[in-house]
Amino acid sequence: MTIRLLLVDDDPLVRAGLTLMLGGDPALEIVGEGSDGDEVPELVARLAPDVVLMDIRMPRVDGLTATELLRGRPDAPEVIVLTTFHADEQVLRALRAGAAGFVLKDTPPAEIVAAVRRVAAGDPVLSPAVTRQLMGHVAALSEARPRRNTAAERLAGLADREREVAVAVGRGASNAEIAERLYMSVPTVKTYVSRLLAKLGLNNRVQIALLVHDAGLLDREDGLPHDRTGE
């Protein structure tokens with residue numbers, strides 16, 4: 001099945017380069033291009049892409065705002081953020097808004113194609129190493145402490161098994177890895193992830209990972225937050 005891809009970047013050279021690099025792959029069909037975030041709603045409505053490759057810095061409507069608006073629509077396509085930074089705060093905000101991951105603009109073409117395929121299949125484009133880097137950046141943000149309390153409240157209603165799956169997602173584990181660690185089948189893990197998304201009102205597993213980190217559940221191997229009353 002061909003994946004329909006929309007490119008959104010304000011630099012025509014970047015769009016031309018991406019088209020040249022990705023256009024020859026039989027798994028992808030580049031259905032259109034946009035030069036700014038304000039063009040995204042109309043392009044998505046008209047072209048029905050499966051995945052949007054979105055620049056994060058654009059002059060009129062940035063990729064963050066465009067992602068937020070897009071992911072709020074029913075049947076929204078997945079979004080991969082294009083960036084020049086590994087742990088840029090804007091990237092984190094885009095992931096919180098519902099982007100399924102990010103790729104660097106100098107990523108080799110084969111890896112971008114693999115990222116698009118993964119996102120179209122419902123998997124995030126975040127390796128465990130990149131997840132740890134992002135989480136560390138989150139922890140350094142000034143609003144991390146009040147966010148921790150809010151996240152902990154949202155996760156308080158999870159059953160033990162749901163919490164275990166959520167923590168494993170937060171550690172960057174794939175469905176197969178979670179199944180092995182928790183002695184489940186892969187379909188059962190998928191069911192738990194879907195249940196977590198619905199229960200927490202989230203768009204994808206990247207947001208589960210961010211929420212779990214915010215709540216402090218990755219601070220210890222047992223997935224329980226430290227007692228910080230003495231801080």
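Modeller: What follows covers helix contacts, a helix and its ends, and one aspartate. This is a predicted model, in which local features need pLDDT of at least 70 and side-chain atom pairs count only at pLDDT 80 or more, while totals for chains, interfaces and linings use all residues. Residues are numbered from 1 along each chain as its sequence is written, and side-chain values use heavy atoms, with hydrogens and water left out.

Biologist: At what angle do α8 and α10 pack?

Modeller: Helix α8 (residues 160-170) and helix α10 (residues 186-200) pack at about 95 degrees, with their axes 10 Å apart. They are therefore roughly perpendicular, a label used for angles of 65 to 115 degrees. Axes here are lines fitted to C-alpha atoms, for helices over the stretch in contact, and angles run from 0 to 180 degrees between N-to-C directions; helices are DSSP runs (H or I, at least four residues) and strands likewise (E, at least two), numbered from the N terminus.

Biologist: Which residues in α8 and α10 meet?

Modeller: Arg161, Glu162, Val165, Ala166 and Val169 in α8 meet Tyr192, Val193, Arg195, Leu196 and Lys199 in α10, where contact means heavy atoms within 4.5 Å. The residues of this contact divide into 6 nonpolar, no polar and 4 charged.

Biologist: And how do α8 and α11 cross?

Modeller: The axes of α8 and helix α11 (residues 205-214) come within 8 Å and cross at roughly 100 degrees, which makes α8 roughly perpendicular to α11. On the α8 side the contact is made by Ala166, Val167, Val169 and Gly170, and on the α11 side by Arg205, Ile208, Ala209 and Val212.

Biologist: How many residues of α11 are buried?

Modeller: In α11, 10 of the 10 residues are buried, so the helix is largely enclosed by the rest of the structure; buried means under 20% relative accessible area, with a 1.4 Å probe and protein chains only.

Biologist: What is found at the start of α11, and what follows α11?

Modeller: At the start of α11, a side-chain oxygen of asparagine 204 reaches to within 3.1 Å of the backbone nitrogen of valine 206. After α11 comes glycine 216, with a positive phi near 85 degrees.

Biologist: Changing topic, is aspartate 55 buried or exposed?

Modeller: Aspartate 55, which lies in strand β3 (residues 51-55), counts as buried at 3% relative accessibility.

Biologist: Which side chain does aspartate 55 join in a polar contact?

Modeller: The side chain of lysine 105, at 3.3 Å; a polar contact is a pair of N or O atoms within 3.5 Å, and within protein one must be able to donate a hydrogen and the other to accept it, while residues adjacent in sequence count only if both atoms are side-chain atoms.

Methods
Parallel < 35°, antiparallel > 145°, perpendicular 65-115°, else oblique. Nonpolar A, V, L, I, M, F, W, Y, C, P; charged D, E, K, R; others polar. Buried < 20%, exposed > 50% of the residue type's maximum accessible area, 1.4 Å probe, protein only.
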